[in-house]
Amino acid sequence: MAGLRRFPGASYVATRRRRGETQRALILIMLVSGCAGPPALDRAIIRGHTAEYEEAMRADSTNPGRAYLLWRARRDGISADEAAKRDAAIDAARNPFDARRDRQAVSRGAVIYAAHCARCHGVNADGRGPDVLPEFPCKDFHSLGQRLAVTLHGGAPRAWFQRISDGSGAVVNYPDGPSTAMPAFGSTLSREQIWLAVTYLQSLDCCVKPQTE
Ligand code: HEC
């Protein structure tokens, strides 16, 4: 490698090469460490979180985002207005949760995912939920390429937040009525719920151990 330094651009070539080696090493680690895919939802969810969420949702059956903020207000001992204000202040460009370190957030995100997303994206985030339309398939978050992207740079959290919030695709007929292929959740989920769901998607890499609790 030392000989490379003799011509201009050599350090660039060497850096590129090192980066390539790191990626190859990562793929190898993923393959040999038995990284068979994302942890199934039931292994990601900490006991009690599902029941707690279902209970919270009862506060407002028409809007899960409002119900969630009422639960947050109760939990934090603040007013509903204050909870809504804090939620509105959450940055849309930066996930406040850390999928690698915060098991509680991953679990809460998995609960939200199970409640609002799995019917299309599938219980294993493989895009095989019962409501998915053949002409509008969901992405397979299971695929090696996806997990590699998540392992290397956390996936595309900012773009994901936006897609979940604004929806995307043509308007189609789902069993519960027409909506864009990826429905817009910006007015029915709080920002915190959306980031938690993203956190669950970000946990689908080889560095996050499945929960055992
Ligand atoms: C009614 C079915 C349906 C539901 C429910 C649904 N999605 Fe989607 N989602 C889709 C479809 C279909 C696409 C692809 C549409 C497109 O590419 O235009 C998609 C795309 C996405 C994408 C973009 C993926 C990418 O990088 O291209 C993300 C992220 C996502 N959904 C997350 C979620 C989350 C989180 C929830 C739950 C809060 C959810 N979705 C609920 C059908 C659904």
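Reader: How many residues does H6 have, and how far does it reach?
Author: H6 has 14 residues, and from its first C-alpha to its last it reaches 20 Å. That is close to the 20 Å expected at 1.5 Å a residue. Bear in mind that this is a predicted model.

Reader: Ok, H10 then. What's its span?
Author: H10 has 12 residues and covers 16 Å from first C-alpha to last, close to the 16 Å expected at 1.5 Å a residue.

Reader: And how many of its residues are buried?
Author: 12 of the 12 are buried, so H10 is largely enclosed by the rest of the structure.

Reader: Which residues have the most contacts inside the largest nonpolar core?
Author: Ala110, Tyr113, Ile194, Leu196, Ala197, Tyr200 and Leu201, in a core of 29 residues. H6, H9 and H10 each supply at least two residues of this core. As a general point, nonpolar side chains tend to be buried together in soluble globular proteins.

Reader: Pick Ile194. What does it touch?
Author: Leaving out residues up to four places away in sequence, Ile194 touches Phe161, Ile164, Ser165, Phe185 and Leu189.

Reader: Switching to the ligand. Which residues come nearest?
Author: Of the 22 residues around the ligand, Cys117, Cys120, Trp160, Gly169 and Met182 come nearest.

Reader: How does that shell divide by residue type?
Author: It divides into 14 nonpolar, 4 polar and 4 charged residues.

Reader: Which elements supply at least two residues each?
Author: H6 (103-116), H7 (118-121), H9 (157-166), S1 (168-174) and S2 (177-182).

Reader: Which residue is the bridge partner of Val171?
Author: Thr180, in S2. Further along, Asn173 stands opposite Pro178, again in S2.

Reader: Buried or exposed, and why?
Author: Ala125 counts as buried because it has 27 C-beta neighbours inside 10 Å, and the cut-off for buried is 20 or more.

Reader: What about Asn124?
Author: Asn124 is found in that loop between H7 and H8 (144-153) too. It is partly exposed, because 18 other C-beta atoms lie within 10 Å. The C-alpha atoms of Asn124 and Leu204 are separated by 9.7 Å, although these residues are 80 apart along the chain.

Reader: Where's Arg86, and how does it count?
Author: Arg86 is in helix H5. It counts as partly exposed, because it has 17 C-beta neighbours inside 10 Å. Its C-alpha is separated by 9.6 Å from that of Leu69, which is 17 residues away along the chain.

Reader: Last bit, zooming out. How many helices and strands does the protein chain have?
Author: 10 helices and 2 strands. From the N terminus on, the order is α-α-α-α-α-α-α-α-α-β-β-α.

Reader: And what share of the protein chain counts as buried?
Author: 27% of its 213 residues. On contacts, residues 24 or more positions apart account for 62% of those with a separation of 6 or more.

Note on methods: Residues numbered from 1 in each chain as written. Predicted model: local features only at pLDDT ≥ 70, side-chain atom pairs only at ≥ 80, totals over all residues. Near = placed C-beta within 6 Å. Helix = DSSP H or I, 4+ residues; strand = E, 2+ residues; numbered from the N terminus. Nonpolar A, V, L, I, M, F, W, Y, C, P; charged D, E, K, R; others polar. Core = buried A, V, L, I, M, F, W, Y, C linked by C-beta atoms within 7 Å. Contact = placed C-beta atoms within 7 Å. Pairing = 2+ DSSP bridges. Expected span 1.5 Å × (residues − 1).
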